[in-house]
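Subject: Structure for you to look at

Hello,

Here is the structure I promised to pass on. Please open it beside this email as you read.

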Amino acid sequence: MSSTGETLMEFYRAMRSRFGHQAWWPGQTPLEICIGAILTQNTAWTNVEKALANLQAAEAMSLHRLHEMPAPQLASLIRPAGYFNIKAKRLKNFVAAVYPRWGENLGGIVKGRQVAQGDGFLDRDGATLREELLAINGIGRETADSIVLYAAGRCTFVVDAYTCRVLGRHRLIAPEDDYESVKDLLESNLPDDVELFNDFHAQFVMVGKTFCRPRSRCEGCPLEGFGHDVEETCNL
Ligand code: SF4
């Protein structure tokens, strides 16, 4: 393993020993994970949970129901997630890209196990799936990678502002690095391991929410012992 890879694994072990294994998106269906990944942009997860609960109460948690549902009705159900008109359009775009060809056969995984016969939309190789997701209007890189990793169980690193801030302050990336460069640094220096990528991203979120905020709180942070600066360097 490269020295950067060893440093990253030391980061991971330090964060994991502090926060424990995060087991993200447990017990949810791949469709709920896809919807959650689309709704969670620019809002807190608690708001997404309210929107998901509304969809469940309206028995709208199926590709068929979402495909049939008029956008204004969908927007009203997901209102708690914020930017509800835009997010309703994004959800409709996602469903329009999946349902006409795949029907309800979304595929994907729950707790590491495939939910259907393994020939659904999410069951293709990660690169093909990512490319198709990125071609959908309103699905950005972080959302696409969240779906590929957490709903499909394919190896891709989810990069977000927390990841970028921590790596930037620890001088592993430069301020001009973009999403794809940060993703490449992580993927080319870590072993291809879905479980590792899953939990590593979750650990970055934990350290970012708890310590590595816009104004850093390094005292007591599990990464405090590693060389770092405190200036904000993330441009994602
Ligand atoms: S809060 Fe400080 S020690 Fe913790 S990750 Fe950020 S820069 Fe590093």
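Below is what was found in it, starting with confidence.

This is a predicted model: local features need pLDDT of at least 70, side-chain atom pairs count only at pLDDT 80 or more, and totals for chains, interfaces and linings use all residues. Residues are numbered from 1 along each chain as its sequence is written.

**Confidence**

pLDDT is the predictor's confidence in each residue, from 0 to 100. The chain has a mean pLDDT of 93, and 99% of its residues reach 70 or more. Helices (H or I, at least four residues) and strands (E, at least two) are DSSP runs, numbered from the N terminus. Among the elements, helix 5 (residues 71-77) has the highest mean pLDDT, 98. Strand 2 (residues 113-114) has the lowest, 80.

**Ligand**

The ligand is surrounded by 13 residues. Near means a C-beta atom, placed from the backbone, within 6 Å. The closest are Arg169, Phe211, Cys212, Cys218 and Cys221. By class, the shell has seven nonpolar, three polar and three charged residues. Nonpolar covers Ala, Val, Leu, Ile, Met, Phe, Trp, Tyr, Cys and Pro; charged covers Asp, Glu, Lys and Arg; the others, Gly among them, are polar.

**Helix packing**

Two packed helices are described by the angle between their axes and the distance between the axes. Axes are lines fitted to C-alpha atoms, for helices over the stretch in contact, and angles run from 0 to 180 degrees between N-to-C directions. Under 35 degrees counts as roughly parallel, over 145 as roughly antiparallel, 65 to 115 as roughly perpendicular and the rest as oblique. Residues are in contact if their C-beta atoms, placed from the backbone, lie within 7 Å.

- Helix 1 (residues 3-19) and helix 11 (residues 194-210) cross at roughly 70°, and their axes come within 10 Å. The two are therefore roughly perpendicular. Tyr12, Met15, Arg16 and Phe19 of helix 1 meet Asp199, Phe200, Gln203, Met206 and Val207 of helix 11. This contact has six nonpolar, one polar and two charged residues.
- Helix 2 (residues 30-39) packs on helix 8 (residues 141-151) at about 160°, with the axes 9 Å apart. The pair is therefore roughly antiparallel. Helix 2 brings Pro30, Ile33, Cys34, Ala37 and Ile38; helix 8 brings Thr143, Ser146, Ile147, Tyr150 and Ala151. Eight of these residues are nonpolar, two polar and none charged.
- Helix 7 (residues 126-134) crosses helix 8 at roughly 140°, with the axes within 9 Å. That makes helix 7 oblique to helix 8. Ile147 of helix 8 is among the residues in this contact.

Best wishes

Key
Two residues are in contact if their C-beta atoms, placed from the backbone, lie within 7 Å.
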